[in-house]
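Here is a friendly walk through the side-chain packing of one protein. Have your viewer open and follow along.

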Amino acid sequence: MVLWLAERFLAEGKRVAILSRGYRGADGTSDEIAMLKQRLGNRVAFGVGADRYAAGRRVEAAQAVDVFLLDDGFQHLALARDVDVLMLDGSRKLKNEALLPAGMLREPISSCARADVLVVTRKTERAAVEAADAHQHAVFYAQTRLLGFRLIGERGVPRYVSEMGGGPFFAFCGIGNPEAFWADLQRWHVPVAATMSFRDHHRYTASDLRRLQEAAESVGARGFVTTEKDEQNFPDGGVLKLPTYAAVIDFMLSSESEFTATLDRLLGSARGAAA
């Protein structure tokens, strides 16, 4: 969502900065920020740190900014926001989930009422969303859209599935919901021989790569598929023997014009300033 919003504001001629805590990343960054930098380049400024207000002030001291986007910032209450956009994974039954550390929820479902907009991912029908009854504002629906597959370490135009060879592929990832990635690969008609998941933000080691290689060879895989986020967590110089592709994806809203109008209306009545 941050990437989609950044591209939207850049297209309007806005000067954009992204603020992130840099969760579990090397050198004070994170896999998600590294991926955003790879896609956005120097068109966007980045401020990384536990105190996002301080990070934002450092960015402002260096250059002018029209829009700050907080990556994973719903709980960062130390910084006032003009608009809160909350994303929910529609493939999960949130009412069945417990709060951390027993479950995946950081806050009760009722906290959705604090958001201005809900964006529900991985749900194509406008069915009832568990959080919607606790929310008084707009609810939108989104899906991931495949742009293609890029060989890890390469740049340029992603390849179509048909250009990757016949497969089958060994799929692996270290993200919050690996089952969603497996489902996407099936939806994109990628032949998958087997899968392996790691914890979210997993930093791969040489031992992990050997384990993946052995597992792929055991099922006759002819290549690997993973996510752009996982690519950022490969060890320096670490490679797999089989061709390894990262899925390059985009974000597609079911009612993009309505979402844009809602966002413009909310920003037009902006309430926020740094707390």
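Let's begin with helix H4 (residues 178-187), whose buried residues are Pro178, Ala180, Phe181, Trp182, Asp184 and Leu185. Buried here means under 20% relative accessible area, exposed over 50%, and partly exposed in between (1.4 Å probe, protein chains only). Helices (H or I, at least four residues) and strands (E, at least two) are DSSP runs numbered from the N terminus. This is a predicted model, in which local features need pLDDT of at least 70 and side-chain atom pairs count only at pLDDT 80 or more, while totals for chains, interfaces and linings use all residues. Residues are numbered from 1 along each chain as its sequence is written, and side-chain values use heavy atoms, with hydrogens and water left out.

The buried residues of H4 pack against strands E6 (138-151), E7 (169-173), E8 (192-197), E9 (223-227) and E10 (244-253), where contact means heavy atoms within 4.5 Å. After H4 comes His189, with a positive phi near 60 degrees.

Helix H3 (residues 52-62) buries Arg52, Ala55, Gly56 and Val59. These cover an arc of only 100 degrees around the axis, so they sit on the same side of H3; the arc is taken from the directions from the helix axis to the C-beta atoms. Strands E1 (16-20), E2 (45-48) and E3 (67-70) are among what covers them. On the face turned away from the buried side, H3 carries the exposed residues Arg58 and Ala61.

Now to the rings. Rings of Phe, Tyr and Trp (its six-membered ring) pair if their centres lie within 6.5 Å; planes under 30 degrees apart count as stacked, over 60 as edge-to-face and the rest as tilted. By this rule there are eleven aromatic pairs. One of them joins Trp4 and Phe259 edge-to-face, at 5.5 Å centre to centre and 80 degrees between the planes. Trp4 lies in helix H1 (residues 2-11) and Phe259 in helix H7 (residues 256-268), so the pair ties together parts 255 residues apart in sequence. Both Trp4 and Phe259 are buried. Elsewhere, ring pairs link Phe170, Phe172, Phe198, Tyr204, Phe224 and Phe234 into a cluster.

Charged ends also sit over rings, meaning that NZ of Lys or CZ of Arg is within 6 Å of the ring centre and within 35 degrees of the ring normal.

| Charged residue | Ring | Distance from ring centre |
|---|---|---|
| Lys37 | Phe46 | 5.5 Å |
| Arg114 | Phe74 | 4.0 Å |

Finally, the structure holds zero disulfides, a disulfide being a pair of cysteine sulfur atoms within 2.5 Å. Cys112 is buried at 5% relative accessible area, and Cys173 is buried at 0%.
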